[in-house]
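The following exercises concern a single protein chain.

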Amino acid sequence: MNIEIKSKKLKILGHDYNLFVTNAPILNRGTIATTAVNTLTIEISNIFPLSRQTEGLFHEIIEALNYHLELKLEHDKIVALSEGMYQVFKDNF
């Protein structure tokens, strides 16, 4: 699967998130991606393998959905959902 970011914006539930790709670990902790719902930003590090970046993007989308929809999903559930979504997309598209 080859995800190409065509836009620097990602619409999530009517909100326009700014998508940034960086060539360093996020927050210098080795994190692949992060979401800031207050500033509507998602940042992804491209120093990791593409599979990790893609799953990281799915993870951050779920984090935003979790916040805006007040789903109260625990982090381990978000991880499971993003890994599952990645597998479905990787094997089918």
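**Exercise 1.** Determine which helices each supply at least two residues of the lining of the largest pocket, and describe that lining.

Solution. Step 1: helix H1 (50–68) and helix H2 each reach this number; helices (H or I, at least four residues) and strands (E, at least two) are DSSP runs, numbered from the N terminus. H1 gives the most, with 5 residues.

Step 1: the lining includes Arg 52, Glu 55, His 59, His 75 and Glu 83. A pocket is an open set of points on a 1 Å grid over the protein atoms alone, where a 1.4 Å probe fits, with protein on both sides within 12 Å along at least five of seven lines; lining residues have an atom within 4 Å of a point.

Step 2: by class, the lining residues divide into 3 nonpolar, 4 polar and 4 charged. Here Ala, Val, Leu, Ile, Met, Phe, Trp, Tyr, Cys and Pro count as nonpolar, Asp, Glu, Lys and Arg as charged, and the others, Gly among them, as polar.

Step 3: the volume is about 160 Å³, taken as the space filled by probe spheres set on the points, with grid points joined across faces, edges and corners.

The model is predicted: local features need pLDDT of at least 70 and side-chain atom pairs count only at pLDDT 80 or more, while totals for chains, interfaces and linings use all residues. Residues are numbered from 1 along each chain as its sequence is written, and side-chain values use heavy atoms, with hydrogens and water left out.

**Exercise 2.** Characterise the aromatic pair of Phe 58 and Phe 89.

Solution. Step 1: the structure holds 2 aromatic pairs, rings of Phe, Tyr and Trp (its six-membered ring) being paired if their centres lie within 6.5 Å.

Step 1: Phe 58 and Phe 89 are 5.2 Å apart centre to centre, with 45° between the planes, and the pair is tilted; planes under 30 degrees apart count as stacked, over 60 as edge-to-face and the rest as tilted.

Step 2: because Phe 58 lies in helix H1 and Phe 89 in helix H2, the pair ties together parts 31 residues apart in sequence.
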